[in-house]
Amino acid sequence: MSARVLLARHGQTEWHAENRYAGSSEVELTAEGLRQAEALGRYAAEVKPAALFCSPQDRARRTIAPAAEALGLAPEIVGDLRETHFGIAEGRTRDEVRASDPGVVERFLADPVAGSFPGAENPLAAAERGARAVREIARRGHGLALVVAHNTLLRLTFCHLLGIPLATYRTVFPQLGNAAVTELEITGDRTALLRFNLPLGTR
């Protein structure tokens, strides 16, 4: 039996403009982020997923709230959908990290898995928990589910599910748009990418 899962990154946050690593930090949505959440809610009302799931972090919960209201569904909070922790980069920009230790940034850019920031969550562990969460959502047989999570966690998860080397996640999937939708079809252990990073309203 196949299941389709719609996966969206949360709306824009207050750290977006400076490109700060949010990770496990709690950061508020901007006014634009709230508008993106409303647009995702309208999209959900059109496509009618049977179930909603999101990260426990506030920016994801705020993003899925309009969809929950539109559909009359309570989102299920899934701990494994939380964003990765970025270690010494948490709450900082890349330039700020580079200013204190240029080598750390260069190792990360060369290989974001083997050269992940000191103190960061292991990217392989993050990919495995993200994939586990998405597979479990598919296994539960909702037919179509909507998931709201995070930029790095989702890109690592996509690589894990699709058999793409994790070290290439930043180049294969440069960035997920805020509240843009990626659709996967999962059949047993097989995963197909049906749509990627599509703006809201695109079919």
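**Pocket, sheet and loops**

Mentor: Helix 6 gives the most to the lining of the largest pocket, with 3 residues. This is a predicted model, where local features need pLDDT of at least 70 and side-chain atom pairs count only at pLDDT 80 or more, while totals for chains, interfaces and linings use all residues. Residues are numbered from 1 along each chain as its sequence is written, and side-chain values use heavy atoms, with hydrogens and water left out.

Trainee: What counts as a helix, or a pocket?

Mentor: Helices (H or I, at least four residues) and strands (E, at least two) are DSSP runs, numbered from the N terminus. On a 1 Å grid over the protein atoms alone, a pocket is an open set of points where a 1.4 Å probe fits, with protein on both sides within 12 Å along at least five of seven lines; lining residues have an atom within 4 Å of a point.

Trainee: Which residues lie nearest the centre of the largest pocket?

Mentor: R9, N19, R20, N151 and Q175 do, out of 25 lining residues. The pocket holds about 450 Å³ of space, a volume being the space filled by probe spheres set on the grid points.

Trainee: How many of the lining residues are charged?

Mentor: The lining has 7 charged residues, alongside 11 polar and 7 nonpolar. Here Asp, Glu, Lys and Arg count as charged, Ala, Val, Leu, Ile, Met, Phe, Trp, Tyr, Cys and Pro as nonpolar, and the others, Gly among them, as polar.

Trainee: Switching to the sheet: what order do the strands come in?

Mentor: The 6 strands form an open sheet in the order 3-2-4-1-5-6, with mixed pairing. Strand 3 (76–77) and strand 6 (190–198) are the edge strands, each pairing on one side only. Two strands pair if DSSP finds at least two bridges between them.

Trainee: And which strands does strand 4 pair with?

Mentor: Strand 1 (residues 2–9) runs parallel to strand 4 and is joined to it by 6 bridges; V5 has A145 as its bridge partner there. Strand 2 (residues 51–54) also pairs with strand 4 in the parallel sense, over 4 bridges, and F53 stands opposite V147.

Trainee: Is strand 4 covered or open?

Mentor: Mostly covered: 6 of its 6 residues, 144–149, are buried. Buried means under 20% relative accessible area, exposed over 50%, and partly exposed in between (1.4 Å probe, protein chains only). L144, L146 and V148 point one way, A145, V147 and A149 the other.

Trainee: How many disulfides are there?

Mentor: The search of the whole structure finds 0, taking a disulfide as a pair of cysteine sulfur atoms within 2.5 Å. As for cysteines, C54 is buried at a relative accessible area of 1%, and C159 is buried at 0%.

Trainee: Where is I164, and what does it touch?

Mentor: I164 sits in the loop between helix 6 and helix 7. Leaving aside neighbours within four places in sequence, I164 is in contact (heavy atoms within 4.5 Å) with C159, V172 and F173. I164 counts as partly exposed because its relative accessible area is 23%.
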